[in-house]
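Me: I am new to this structure and would like to learn how its features are read, one at a time. Could you take me through them slowly?

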Amino acid sequence: MNRFAVLFQSLDGTTSSTARTLALAAYLREAPEPDRLWTIALLTGRRPRRVITAGKLAEWAAEAAGIPDWLFAESYSVAGDLAETIAAILPPAETTTNRSLSDWIATLRALSAQDEPARRAGILAAWAGLDATERFLFNKLLTGGFRMGVARGLMQRALAQATGLDEATLAHRLMGDWSPDTTTFAALITGDGAQASRPYPFCLAHPLDADPDALGDPTDWLAEWKWDGIRGQLVCRDGRVFLWSRGEELVTDRYPEIVAAAQALPEGTVLDGEILGWAGAPLPFATLQRRIGLKTVSRRTLAEVPVIFMAYDLLEADSTDLRPQPFATRRAALEALATDLPPELPLSPLARFDDWATLAAHRQAARDRGAEGVMLKQRTSPYHAGRKRGDWWKWKLDPFSLDAVLIYAQAGHGRRAGLYTDFTFALWDGPALVPVAKAYSGLTDAEFAEITRWVRAHTTDRFGPVRQVVPELVFELGFEGIAESPRHKSGLALRFPRMLRWRRDKPAAEADRIETARALLAHPAPRAYL
Amino acid sequence: MARTKAASVDVKCSIRAPLPKLSAPCKACSTGPPPARRYDQVMARNPVLHLTERGLYCPAGDFFIDPWRPVPRALITHGHSDHARTGHGAYLATHAALPVMRHRLGPITAEGICYAETRRIGGAIVSFHPAGHVPGSAQIRVQVAGEVWVVSGDYKTGGDAISTPFEPVPCDTFITECTFGLPVFRWQPEAAVMAEINRWWAENRAAGRISLIGAYAFGKAQRLLAGLDPGIGSILTHGAVEATNAVLRAQGLALPETRQVTIEVSAKTHPGALVIAPPAALAGPWARRFGPAATAFASGWMALRGHRRRYGVDRGFVLSDHADWAGLNAAVVATGATRVLATHGYTAAFARWLEGRGLQAGVLETAFGQTEDETAE
């Protein structure tokens, strides 16, 4: 793993993305092909199957280090990373080994077929022969979650440098259902060993922060509603249907009604769209959430949470890639196609406007339709690979907000290790505080550091890693939506809550009451209109 | 000032405390003992030292150790600002600690003492013993009747080129810092870390970049200086570091040549230089003058990736002036103490761990480690 460890160290030893790209490009030129392929796989979230649970790893590491479990847990909560904690507490290596990345992965796979004592012995033996960095990486292979400070874009840039191919082509080749077992570096990257299921890279929009006036002539643009579901891609090739989520997860089996409807699509068709809970009008995201984790869906859930695939764009027709064509042309083709599709495959309606004021009014009314704003797409825009500024904009509504009291705090992970950053907030319900939301983002590092000191000095109780604090600090929470939820103590579920600001001016007694939150529920229900 | 070691500062007094009696370590306890107790639950009936609002107090001698609020008489372990504060009536510290304290605190009424020199204060006998933390740093031994307590101040067991090495002092009760009191903290030998830093500097210089390294102005900065290879290039310093250098050089500490960064002394006049600055300066506008410099931090906190990433520096060099997990454990064992009170750091975990090893242990909630020391150590 030496070469891979050296790569990691050079990626980890600089904050410059140029330097990171160069280091990764050099590796992708020089490393043995199987290692290159595994590196790309790991950096795109494809990891070997889990050999062992995190709990067992922690237990064996604590044993090997001669420390009690509670001390391991304390250490973990401070380091904020399991792989790192294990690498740090184990006694220094006794021997050295020099085996390649793919060799180690093969070892892990062999272990996964064995019984627990054999797996334990295999892992302990590996630990004993790796230095601290290699151990950390080995643990990352075991626990998953490889990032190494390499975002998808950086990896594609490096691969482009290493191969001379252009980034958009590579982005497309890296999509979909491949693993180092099913392909080779040559087939995947240079030979284009396309698979029927392979989706296109999603075209993503930037948020519009200013007035749309700056976008020029309104007639150059088309607008749609911004729906709050799961962005997806529906691929029909080789007589089969594949449904991908934006997180590049194949979710075909979870939404049988969409797959059934997709039988009506012609061979060689790819649609971009949104998986939405729908009962004549959009269901809240919280409702759709009930289906996200389900691999097999019961008849009851199918009836309670019906879904549709709202079609936004036509990326492929007659097995031809339409992405380079102007959006207006693709849209016309999509409209023609949509005339005869089942109701589970509706066309995303346009929000028609001739001037920006009309569009602003549409945006203001978005919530009445169960949407969270509008999407703006330039008529001439190709379907870009990834997030490109200028052609697509999302113009969301301002979030809801409530002032809530901090009641529990937990330390973060990764770069937030040792800082209290994960908070639970409550609203007043009579004389009591009832938890309504958890939020992790929205404050500066300096504010988190200040709150961390405050939390340490104002802890009233501890439940494992969670500290209960004096209910004193008030924060303005922003969120995109609110729905009833029997699963939450407050009976409410907030959509994407985050901290808008720390209300240092507000005493806890003046935080909002649960009734105020419930009043937001009373917002007119979305009307059916399709 | 006379020197007995090449680069050691304080050393007017070379008498060492007698060798400690080593007690055997208990077997690691793998079943969780109850949570750590507060110090008052493990305190003796008439403790030699006890905690007050102003700090650790010795009733028999009517003095405080490292108090955080003004008191008539303060014994100070070392010159870092969370231990040596302004406003006390009279200060007692090692001879080697005093110049930096005077530099930082202004005019104070202070008296110096040698390492291991005993002094009677009221009903207490006190002496100062090397802590190995920074030049002049001491543990303070307090004996009342037959009972001996030692306050560690901040310490490291690994040693460096500028401080008198830590010496374990046998005692009944050991009040120990535990800034890094968790087993994830394990230091490499200093020479290995310095070699890494020198290599980093040489690479940056070869690439035409300035190397900007954050280090606490007193202690860490000079420790770096003592280990840098001046053959690589010029060493520039922030004003706060240079002022402390001047104080320590006047005391006899041998440091390589440094130049303070000014309008005239810059990345242009000294391309490829290494610049040492306090952590706060590294994050601020001061550091921008060096252009696209390679940045680093030298601190024990750099053992954690999350901390380094939070600071936003390229490299984190794990170089601490505090004891690591092994060092803390070895120090506790070496004192032979039967009672250990943990102050600043991961106190609850460390105390609970020690209890599991058969010691009487508790937590002492002090105000140490709550200022610049906390992040920069």
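Reply: Let us begin with one residue: leaving aside residues up to four places away in sequence, A:Thr460 touches A:Gln468, A:Val469 and A:Val470, where contact means heavy atoms within 4.5 Å. This is a predicted model, in which local features need pLDDT of at least 70 and side-chain atom pairs count only at pLDDT 80 or more, while totals for chains, interfaces and linings use all residues. Residues are numbered from 1 along each chain as its sequence is written, chains are lettered from A and ligands numbered from 1 in the order in which they are written, and side-chain values use heavy atoms, with hydrogens and water left out.

Me: In which strand does A:Thr460 lie?

Reply: Helices (H or I, at least four residues) and strands (E, at least two) are DSSP runs, numbered from the N terminus, and A:Thr460 belongs to strand β15 of chain A, residues 459–463. The C-alpha atom of A:Thr460 is separated by 38 Å from that of A:Leu397, and these two residues are 63 apart along the chain.

Me: How many salt bridges are there over all chains?

Reply: Side chains of opposite charge can pair when their charged atoms come close. The rule asks for a side-chain nitrogen of Lys or Arg within 4 Å of a carboxyl oxygen of Asp or Glu, and by it the count over all chains is 43 salt bridges. One of them joins A:Arg330 to A:Asp313, with 2.8 Å between the closest N and O atoms. Because A:Arg330 lies in helix α16 (327–338) and A:Asp313 in strand β7 (307–317), both of chain A, the pair ties together parts that are 17 residues apart in sequence.

Me: How many residues of chain A are in contact with chain B?

Reply: On the side of chain A there are 32 residues in contact with 28 residues of chain B. Buried area is the accessible area (1.4 Å probe) that two parts lose on being put together, summed over both, and here the two chains bury about 2400 Å², 56% of it on carbon and sulfur atoms. In chain A, the residues that lose the most area to chain B are A:Trp70, A:Val78 and A:Arg415, together 26% of what that side buries.

Me: Which charged and polar pairs link chain A and chain B?

Reply: Two salt bridges are found across this interface, and in one of them B:Arg305 meets A:Asp12 at 2.9 Å, N to O. A polar contact is a pair of N or O atoms within 3.5 Å; within protein, one must be able to donate a hydrogen and the other to accept it, and residues adjacent in sequence count only if both atoms are side-chain atoms. Eight residue pairs between the chains are in polar contact, both residues being at pLDDT 80 or more. The elements of chain A that give two or more residues to the side touching chain B are α1 (2–12), α5 (69–79), α6 (82–89) and α18 (445–457), and the largest share, seven residues, comes from α5(A).

Me: What lines the second largest cavity?

Reply: On a 1 Å grid over the protein atoms alone, a cavity is a set of points where a 1.4 Å probe fits but cannot get out, and lining residues have an atom within 4 Å of a point. The lining of the second largest cavity includes B:His83, B:Glu177 and B:Phe368, and β12 (173–178) and β19 (339–345) of chain B each give two or more residues to this lining.

Technical notes: 1 Å grid on protein atoms, 1.4 Å probe; cavity = no way out; pocket = protein on both sides within 12 Å on 5 of 7 lines; lining within 4 Å.
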